[in-house]
Number of protein chains: 2
Amino acid sequence: MTPGQMLDVAVEEARKGLAEGGIPIGAALFGSDGTLLGAGHNRRVQNDDPSVHAETDAFRAAGRQRGYRSTIMVTTLSPCWYCSGLVRQFNIGAVLIGESRTFTGGHDWLAEHGVAVTVLDDERCVEMMQNFIAERPDLWAEDIGE
Amino acid sequence: MTPGQMLDVAVEEARKGLAEGGIPIGAALFGSDGTLLGAGHNRRVQNDDPSVHAETDAFRAAGRQRGYRSTIMVTTLSPCWYCSGLVRQFNIGAVLIGESRTFTGGHDWLAEHGVAVTVLDDERCVEMMQNFIAERPDLWAEDIGE
């Protein structure tokens, strides 16, 4: 799978979230061979659960794994500190990011700590997120603790 | 409520987790006036869910809050990077820690970023965690991604 194809899975998740009335951020965890281990999206609104960010949802969907070093976390938006902490604690080897123009979390910090970070600057991701923030600034602020 | 009384709530959660066959780490989120907003414990084993650490469970149990600056996260063990990231992203104002002898996560990093960090060095917490790690080193390694 190419990085673009992996990002497509996360974008599809973000769109599902948007269709459900939620915050459009999606993520997926892949094995080194491109196997999809788990995918998910932000569920703050849908589940009334502030703890489910896209990355934590994908991580949960992947179930209990014995080691994450060879896995790749793909997300439509630069991971916030919560999700960056997840990546660091579990030694996820690589993070592939749709965009970081709208929001920049801890991805530089992850790179400093040895995580292979790639930012694709994907227009679909930028547009979806910026449209959402323009429409629901309240939900967005809530989701990043501001 | 005193710090010791707040820690008692987290210790009780850790004991619940242990009785369920899980990893004995408990946490609770309090308001500035001592109101308990939510409590929880690690559920990796019980729910087969690697995303539920004690702190994320307590955060979830507290529901959607509009701002965390005045809240206090109490946990039996120094928060790992995942849970430290949660504290930083949501601007939780204070973290009260049972012990950090067994494991030290990101609490110094949180203190550098303005979080009021207190370590109580509570013997009950040390003993519960060290006994557990001696009995189930496999589960403990899995829970911290090692």
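Guide: Gladly! Let us begin with burial: a residue counts as buried when its relative accessible area is under 20%. Please keep in mind that this is a predicted model.

Visitor: With that cut-off, how many of the eight residues of H2(B) are buried?

Guide: Six of the eight are buried, and H2(B) is mostly covered. The buried ones are B:Ala54, B:Glu55, B:Thr56, B:Asp57, B:Ala58 and B:Phe59.

Visitor: Which elements do the buried residues of H2(B) pack against?

Guide: Both chains take part. From chain B there are strands E1 (26-30), E2 (36-41) and E3 (72-77) together with H3, and from chain A there is helix H3 (81-89). If you follow the backbone past H2(B), you come to B:Gly63, which has a positive phi near 75°.

Visitor: Then let us turn to the interface. How many residues of each chain are in contact?

Guide: Contact here is a matter of heavy atoms within 4.5 Å. By that rule, 34 residues of chain B are in contact with 34 residues of chain A. The two chains bury about 2,900 Å² between them, with 55% of it on carbon and sulfur atoms.

Visitor: And how many salt bridges does the rule find across the interface?

Guide: For a salt bridge, look for a side-chain nitrogen of Lys or Arg within 4 Å of a carboxyl oxygen of Asp or Glu. The rule finds six between chain B and chain A. One to look at joins the side chains of A:Arg60 and B:Asp49, at 3.9 Å from N to O.

Visitor: Which elements of chain B give two or more residues to the side that touches chain A?

Guide: Those are helices H2 (54-61), H3 (81-89) and H6 (137-143) of chain B. H3(B) supplies the largest share, six residues. By residue type, that side of chain B has 14 nonpolar, nine polar and 11 charged residues.

Visitor: Let me try a single residue. Is A:Glu13 buried or exposed?

Guide: Apply the same cut-off of under 20%. A:Glu13 has a relative accessible area of 8%, so A:Glu13 is buried. This residue is found in helix H1 (residues 3-19) of chain A. Leaving out residues up to four places away in sequence, A:Glu13 touches A:Gly26, A:Ala27, A:Ala39, A:Gly40 and A:His41. Its side chain also makes a polar contact with the side chain of A:Lys16, at 3.1 Å.

Notes: Residues are numbered from 1 along each chain as its sequence is written. Chains are lettered from A and ligands numbered from 1 in the order in which they are written. This is a predicted model: local features need pLDDT of at least 70, side-chain atom pairs count only at pLDDT 80 or more; totals for chains, interfaces and linings use all residues. Side-chain values use heavy atoms; hydrogens and water are left out. Buried area is the accessible area (1.4 Å probe) that two parts lose on being put together, summed over both. Helices (H or I, at least four residues) and strands (E, at least two) are DSSP runs, numbered from the N terminus. Ala, Val, Leu, Ile, Met, Phe, Trp, Tyr, Cys and Pro count as nonpolar, Asp, Glu, Lys and Arg as charged, and the others, Gly among them, as polar. Buried means under 20% relative accessible area, exposed over 50%, partly exposed in between (1.4 Å probe, protein chains only). A polar contact is a pair of N or O atoms within 3.5 Å; within protein, one must be able to donate a hydrogen and the other to accept it, and residues adjacent in sequence count only if both atoms are side-chain atoms.
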